[in-house]
Amino acid sequence: MVPELDLSDPAVLHDPFATYGALREKSPVARLLAPGFGSMWAVLRHAEARELLADPRFGPSSASYLRPDVPEHCRPYLRTMQEVGGDEHLRLRRTVAPAFTPRRAEDFRARVARIVDRLLDALPDGPVDLLEHFARPLPVEVICELVGVPGADRPRWHSYAATIATGAGPAFAEALPSAIEDAQGTVARARVAPGDDLVTDLLRTDLSEVDTVTLVWHLVLAGQTPANLVANAVEALLTHPEQLAAVRADPALAPRAVEEALRWCGPQPLTVPRFGTEDAEIGGVRIPEGEPVTVVIAAANRDPRVFPDPDRFDITREPGAQHLSFAHGPHFCLGASFARVQTEVAISALLGRFPDLALADPVERAPDPGTWRPVALPVRR
């Protein structure tokens, strides 16, 4: 009998890692009841999760997402690369991948560092909410820098990001046409005045106008993940004094701290649902064709079959099995290298500038089964 779990269960919202972990030890596959979406299969163990994510029979589709109600002229821009598969996905991926390589992310590090320093310089005096004043605006600024959005236009992109961060709904649908229009303007400017930015690079490829505009606005949505990753990582370090002391004593541990934060408290507990093109067996369970299935990253990343002492946050953990916070296989997160660099620079600068950084109050979590994120991150310096 495959176990079931309701995602509205307070246990999921309070401690998804323990709740999913207990489910993982019962079965490699479970059923999740998702409010507003229905039920879906869930893969909980690391080996089976990697198998599913690499299986060409499974992939996201338009049914993986809740479509916002937008005007007709905006609808072509809603079909993102994440929801296409097969040859079309491979073509799009190969076209844009050179702009997102680890080397390109490293080349971008100095520009990220300048943004981080500027945000830290602007922090208000006294206790401060790092989520509001640092972690949340950081990825929007980085994205704007990456795609070449002028400074005068950036406040609008911050507004879109704030709306998107609240989740799908009427406000998101209302903001999306303006975000698409601004993305169109960004692409048009790059055609007239090419610069050292991602859009200029994309315009040198055979990517269509619609695909280019779609990628630009979608970066704002995908770019919210580093905000929660930075906040989660800072909280984890501040609540584990021995790990905080280790990274302060040896700043070279910062990349490992980022990887351990991704594994231990990554902001995405679940992958977007995938759909099979035929019946398949995962972990001894038959997944019927066309039924949604997700990977429970929060469970797979703490699978004791793969990670020793998996519930321990340890930034000195030896590199070994790959966590699945950026997924795996053909839909591995395109922006993973940029997210890593951004988070590493943010944590290093924050700890370097504020040697007495500490939580000012306990951190409250948002009641959101789709994202592990704080409501605020109050600190004193």
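Is Ala-327, at 9% relative accessibility, buried or exposed? Ala-327 counts as buried, since its relative accessibility is 9%; "buried" here is under 20% relative accessible area, "exposed" over 50% and "partly exposed" in between, using a 1.4 Å probe and protein chains only. Before the views, some ground rules. This is a predicted model, where local features need pLDDT of at least 70 and side-chain atom pairs count only at pLDDT 80 or more, while totals for chains, interfaces and linings use all residues. Residues are numbered from 1 along each chain as its sequence is written, and side-chain values use heavy atoms, with hydrogens and water left out.

**View 1. The whole chain, before we zoom in.**
The chain has 17 helices and 11 strands; these are DSSP runs numbered from the N terminus, with helices being H or I of at least four residues and strands E of at least two. The C-alpha trace spans about 60 × 50 × 35 Å along its principal axes. A compact globule of 381 residues would have a radius of gyration near 21 Å, and the chain has 20 Å, so the two agree; the radius is taken over C-alpha atoms, and the globule rule is 2.2 Å times the number of residues to the power 0.38. Of the 381 residues, 54% are buried. Take the contacts (heavy atoms within 4.5 Å) between residues at least 6 apart in sequence: 69% of them join residues at least 24 apart.

**View 2. Two non-glycine residues with positive phi, in one loop.**
Ala-327 lies in the loop between helix 16 and helix 17, and has a positive phi of about 70° although it is not a glycine. Asp-309 is found in the loop between helix 16 and helix 17 too. Its phi is also positive, about 45°, and Asp-309 is not a glycine either. Asp-309 counts as partly exposed because its relative accessibility is 44%.

**View 3. Helix 17, end to end.**
Helix 17 covers residues 336-353, and its 18 residues should span 26 Å at 1.5 Å a residue; the end C-alpha atoms are 26 Å apart, which agrees. The expected span is 1.5 Å times one less than the number of residues. Since 13 of the 18 residues are buried, helix 17 is largely enclosed by the rest of the structure.

**View 4. Helix 8 and the glycine after it.**
Helix 8 (residues 137-147) is mostly covered, with 10 of its 11 residues buried. Among the buried ones are Pro-137, Pro-139, Glu-141 and Cys-144. Gly-148 follows helix 8 and has a positive phi, near 85°.

**View 5. Ala-299 and its contacts.**
Ala-299 is found in helix 16, and counts as buried because its relative accessibility is 0%. Setting aside neighbours within four places in sequence, Ala-299 is in contact with Tyr-20, Arg-24 and Leu-44. Arg-91 is 208 residues away from Ala-299 in sequence and 32 Å away in space, C-alpha to C-alpha.

A cavity is a set of points, on a 1 Å grid over the protein atoms alone, where a 1.4 Å probe fits but cannot get out; a pocket is an open set with protein on both sides within 12 Å along at least five of seven lines, and lining residues have an atom within 4 Å of a point. Grid points are joined across faces, edges and corners, and a volume is the space filled by probe spheres set on the points. By this rule there are 3 cavities of 30 Å³ or more. By class, the lining of the largest cavity has 8 nonpolar, 5 polar and 1 charged residues, where Ala, Val, Leu, Ile, Met, Phe, Trp, Tyr, Cys and Pro count as nonpolar, Asp, Glu, Lys and Arg as charged, and the others, Gly among them, as polar.

**View 6. The second largest pocket.**
The second largest pocket has a volume of about 360 Å³. Its lining has 18 residues, of which Arg-317, Glu-318, Pro-319, Gly-320 and Ala-321 are the closest to its centre. Helix 15 (residues 254-265) supplies the largest share of this lining, 5 residues. The lining of the second largest pocket divides into 6 nonpolar, 3 polar and 9 charged residues.
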